[in-house]
Amino acid sequence: MTFIIQWNINGYFRHLEQLKLIIHEYSPLIIWIQETNFKIRDVINLKDYTEYSKIRNTEQASGGVSMFVHNSLEFETVQLVSDVEAIAICISFPIKACICNIYAPNSRNLEIDELTDLYNQLSKPLIMLGDFNSHSSMWGSYKKDKRGKIIEKMSDVTNIALLNDLSPIQFNISNGTSSAIDLSLCSPQLMPKLSWVTLDSLYDSDHYPISITIPEQRTSYNTYNSSPNISGTSKKLIGKNLLLVSPKTLRN
């Protein structure tokens, strides 16, 4: 089962057709994307999925994080208090976990206190994933920078484990070099249940999508029905304000 697709999409609308192709090929339960580049007034609909986003409170299309949960899956949103671009949900199927999606652009500093505070706001076990723009040989980068040291320290403090397998994730088209700045971290007890791999194509982005699967799980979408209060809704987080609206409302 493809549990999660994680991807710095480098523009949702610019790569929507590629995202649909990934969905067709892998049928993920949850899609976590970074650098969505949504504007506040954008209408975001993805067939068979419920969307939840944090959008920068600006007219300029930049940054942002989103989650798309298949409508067969129940989830609860977590109200995070943080200046980091992050959203989180908790699920009880196919595994019990809270999952946090993070985008940490180079344009702002990233502090260890921010990351440990996010970690402490989440129920355990947990998965923290996203584009951290951090380098370390621990996850396949050719160098270690300040952010890499911060992630390593957070791992030591929280005992969170790294799913990455040293595969390159970001490809610099201008000079042909690659690096690994997208990370997938989890509570140690989840490590044996999850399989991590990068997909073979960039899908026209500059980051390879990541697939996180549950190899032993064979449950079909059709065997698990979602709550009617959750299916077919869209949650948009702008700044610190959470708006729950239906897709019909979004189109008006």
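Reply: Buried means under 20% relative accessible area, exposed means over 50%, and partly exposed is what lies in between. With that in hand, Q189 counts as partly exposed because its relative accessibility is 46%. Please keep in mind throughout that this is a predicted model.

Me: Okay, and where is Q189 found?

Reply: Q189 is found in the loop between strand 12 (182–186) and strand 13 (195–198). Along the chain Q189 and L126 are 63 residues apart, yet their C-alpha atoms are separated by 9.5 Å.

Me: Strand 12 then: is S184 buried or exposed?

Reply: S184, which is found in strand 12, counts as buried, because its relative accessibility is 0%.

Me: And what does S184 touch, leaving out residues up to four places away in sequence?

Reply: Leaving those out, S184 touches Q6, M128, L129, A161, L162, L163, N164, W196, I210 and I212. As for N101, it is 83 residues from S184 along the chain, with 9.5 Å separating the two C-alpha atoms.

Me: Stepping back, how many helices and strands are there in the protein chain?

Reply: The protein chain has 4 helices and 16 strands. Of its 252 residues, 56% count as buried, and among contacts with a separation of 6 or more, 64% are accounted for by residues 24 or more positions apart.

Me: What pLDDT does the chain average, and where does it stay under 50?

Reply: The average pLDDT of the protein chain is 84, and 83% of the residues score at least 70. Over residues 217–252, however, pLDDT stays under 50, although the model has 79 contacts beyond four places in sequence for that stretch. Where pLDDT is low, the predicted coordinates should not be read in detail.

Me: Helices next. At what angle do helix 2 and helix 3 cross?

Reply: The axes of helix 2 (residues 112–121) and helix 3 (residues 146–158) cross at roughly 40° and come within 10 Å. That angle makes helix 2 oblique to helix 3, and the crossing in which helix 2 passes helix 3 is right-handed.

Me: Which residues meet there?

Reply: From helix 2, the residues are I112, L115, T116 and Y119, and they meet I150, I151, K153, M154 and T158 in helix 3. Sorted by class, this contact of helix 2 with helix 3 has 6 nonpolar, 2 polar and 1 charged residues.

Me: What are the buried residues of helix 2, and what covers them?

Reply: I112, E114, L115, T116, L118 and Y119 are the buried residues of helix 2. What covers them includes helix 3 together with strand 6, strand 7 and strand 8.

Me: Which residues other than glycine have a positive phi?

Reply: D48 is one of them, with a phi of about 75°, and N159 is another, with phi near 70°. The place of D48 is in the loop between strand 2 (30–34) and strand 3 (49–55), while N159 sits in the loop between helix 3 and strand 9 (161–162).

Me: How accessible are D48 and N159?

Reply: D48 has a relative accessible area of 42%, so it is partly exposed. N159, with a relative accessible area of 53%, is exposed, because the cut-off for that class is over 50%.

Me: Last one: G11 also lies in a loop, but is it buried or exposed?

Reply: G11 counts as buried, because its relative accessibility is 5%, and the loop in which G11 lies is between strand 1 (2–8) and helix 1 (16–26). Not counting residues up to four places away in sequence, G11 touches E35, T36 and N37.

Conventions:
Residues are numbered from 1 along each chain as its sequence is written. This is a predicted model: local features need pLDDT of at least 70, side-chain atom pairs count only at pLDDT 80 or more; totals for chains, interfaces and linings use all residues. Side-chain values use heavy atoms; hydrogens and water are left out. Axes are lines fitted to C-alpha atoms, for helices over the stretch in contact, and angles run from 0 to 180 degrees between N-to-C directions. Helices (H or I, at least four residues) and strands (E, at least two) are DSSP runs, numbered from the N terminus. Angles under 35 degrees count as roughly parallel, over 145 as roughly antiparallel, 65 to 115 as roughly perpendicular and the rest as oblique. A crossing is left-handed if the near helix is turned anticlockwise from the far one by less than a right angle, and right-handed if clockwise. Contact means heavy atoms within 4.5 Å. Ala, Val, Leu, Ile, Met, Phe, Trp, Tyr, Cys and Pro count as nonpolar, Asp, Glu, Lys and Arg as charged, and the others, Gly among them, as polar. pLDDT is the predictor's confidence in each residue, from 0 to 100. Buried means under 20% relative accessible area, exposed over 50%, partly exposed in between (1.4 Å probe, protein chains only).
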